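Thanks for coming. I will go through one structure today, starting with the ligand and then moving to the loops and the helices.

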Amino acid sequence: MAQNISRKDFLVRAGSALAVSSIGFPSIIIPRKNEKLGVALVGLGNYSTNQLAPGLQETEHCELRGIVTGSPEKIPVWQERYGIKDSNVYNYENMHQIANNDDIDIVYIVLPNNMHAEYSIIGAEAGKHVWCEKPMAMNAEECREMIRAAERNRVQLTIGYRMQHEPNTQTIIGYGQDETYGEITEIRSGGGFNGGFLEGTWRTVANMGGGAMYDMGVYPLNAARYSSGMEPVAVRAKQWTDRTDIFPNVDEHMDFDLEFPDGMIANCKTSFGNNMNYLEVDCTDGWYRLEPFLSYTGVQGETSSGTELPEDPNHQQARQMDNDALAIKNSTQPVVPGEEGLADMVVVDAIFKSAANGNEWVEL
Ligand code: NAD
């Protein structure tokens with residue numbers, strides 16, 4: 001099957017593409033090496049306010065220097081709190097002018113999901129490296145356009161899948177690669193919360209990328225892929241909504257099964273109705289699990305051989321942004337390149353297709 005590429009093959013291919021393009025000239029624009037890189041947050045909602053801006057106070061290799069916002073009342077608050085210069089403040093209409101601003105090396109897109117592609121491309125066309133939140137975009141085609149824009153402008157495009165930077169998550173990725181507990185026989189993962197408070201927000205609007213699958217479903221999906229190191233070959237999905245008053249036209253719940261090349265099945269769930277936050281991996285010689293597996297703090301786990309995976313005390317987003325800034329400074333492959341967001345979105349497209357066709361298997 002054409003899309004049946006293992007993760008190892010994928011990384012080898014991605015790595016060789018990078019190596020080829022760096023012969024003779026750098027594959028990306030590399031900013032001044034010894035300085036912190038300047039980040040502009042695009043969209044000053046909950047995640048920027050409560051996680052990313054505080055995280056950027058702890059980073060070693062990048063710092064908050066700019067903002068892009070459509071809410072003028074937020075500007076003085078952010079300028080005062082973070083010492084942001086007038087010349088580093090933009091709105092959505094003039095964001096392209098960031099091209100002329102040497103203070104800013106990176107734009108970080110933290111907008112509703114239907115705006116990710118458009119503003120990532122504006123950032124790339126302005127010659128800025130782009131960090132974009134999950135889910136990467138609305139569908140695989142938008143992801144491909146974003147990747148092309150980054151390549152054309154020789155900038156890095158990196159997706160905000162913070163779990164892949166988290167130490168316990170990296171440990172279990174290693175268990176999968178090394179087959180520490182044998183071959184994986186089954187994966188179970190669920191990510192969700194009771195989202196009654198989301199009523200009236202963009203997360204309940206279909207054409208803005210609302211619904212549980214886009215918001216929380218990408219965590220178990222990404223986890224099944226990073227735990228196994230493989231790409232699924234088929235998927236089936238079932239969606240339903242109990243509270244149609246709150247979620248009139250998006251999925252409140254989605255159950256999906258991923259089939260991997262060796263026949264292994266990952267059983268995944270996501271929900272805006274129920275709290276769930278687990279990743280369990282069964283193997284021929286044992287098992288391991290993380291619970292919670294996707295929280296900002298407290299990610300922890302255990303294995304069948306009694307190994308404890310205790311919480312890492314460091315700021316998750318600071319670690320992610322430092323890793324991503326270093327990849328730009330050193331012109332190396334980021335931990336989560338755009339291709340990784342695309343790989344998820346290819347599966348998400350198939351999940352929606354299966355859900356619309358009564359849970360039938362869709363081949364990838
Ligand atoms: P939010 O609703 O709190 O913020 C969205 C921001 O976009 C607001 O500042 C809003 O003013 C702005 N905006 C601009 N145009 C808008 C429009 N037409 N409609 C609505 N808002 C508009 O959302 P959030 O929780 O900050 O999420 C933003 C992005 O970050 C999403 O893609 C989400 O998936 C992602 N996110 C990621 C994580 C993570 O752990 N990686 C966590 C939370 C959110």
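A polar contact, as I use the term here, is a pair of N or O atoms within 3.5 Å. Keep in mind that this is a predicted model.

With that cut-off, take leucine 111. One of its polar backbone atoms is 3.1 Å from an oxygen atom of the ligand, so the pair is within 3.5 Å and counts as a polar contact. Glycine 45 also uses its backbone: an N or O atom there lies 3.0 Å from a ligand oxygen. Asparagine 113 works through its side chain instead, with a polar atom 2.7 Å from an oxygen of the ligand.

Which residues come nearest to the ligand? There are 23 residues around the ligand, and the nearest are Asn46, Asn113, Lys134, Arg162 and Trp202.

Lysine 134 brings me to the backbone. Most peptide bonds are trans, and most residues other than glycine have a negative phi. Here are some exceptions. Lysine 134 is joined to proline 135 by a cis peptide bond, with omega about -20°. Proline 135 sits in the loop between β5 (129-132) and α5 (140-152). A cis bond also runs from glutamate 291 to proline 292, with omega near 0°. That proline 292 is in the loop between β12 (286-290) and β13 (301-303). As for phi, glutamate 179 has a positive value, near 55°. Glutamate 179 belongs to the loop between α6 (167-178) and β7 (184-192).

Now the helices. Helix α4, residues 116-125, and α5 have axes that come within 9 Å and cross at roughly 5°. The two are therefore roughly parallel to each other. On the α4 side, the contact includes His116, Ser120 and Glu125, and on the α5 side Glu142, Met146 and Arg152 are among the residues involved. By class, that contact has six nonpolar, two polar and four charged residues.

The other pair is helix α7, residues 212-228, with helix α9, residues 338-356. Their axes are 10 Å apart and the packing angle is about 115°. That makes α7 roughly perpendicular to α9. The crossing is right-handed. From α7, the residues in contact include Met213, Tyr214 and Leu221; from α9, they include Ala343, Val347 and Phe352. Counted by class, α7 with α9 gives 10 nonpolar, one polar and three charged residues.

That is the end of my part.

Note on methods:
Residues are numbered from 1 along each chain as its sequence is written. This is a predicted model: local features need pLDDT of at least 70, side-chain atom pairs count only at pLDDT 80 or more; totals for chains, interfaces and linings use all residues. Side-chain values use heavy atoms; hydrogens and water are left out. Axes are lines fitted to C-alpha atoms, for helices over the stretch in contact, and angles run from 0 to 180 degrees between N-to-C directions. Helices (H or I, at least four residues) and strands (E, at least two) are DSSP runs, numbered from the N terminus. Angles under 35 degrees count as roughly parallel, over 145 as roughly antiparallel, 65 to 115 as roughly perpendicular and the rest as oblique. A crossing is left-handed if the near helix is turned anticlockwise from the far one by less than a right angle, and right-handed if clockwise. Contact means heavy atoms within 4.5 Å. Ala, Val, Leu, Ile, Met, Phe, Trp, Tyr, Cys and Pro count as nonpolar, Asp, Glu, Lys and Arg as charged, and the others, Gly among them, as polar. A residue is near a molecule or strand if one of its heavy atoms lies within 4 Å of it. A polar contact is a pair of N or O atoms within 3.5 Å; within protein, one must be able to donate a hydrogen and the other to accept it, and residues adjacent in sequence count only if both atoms are side-chain atoms.
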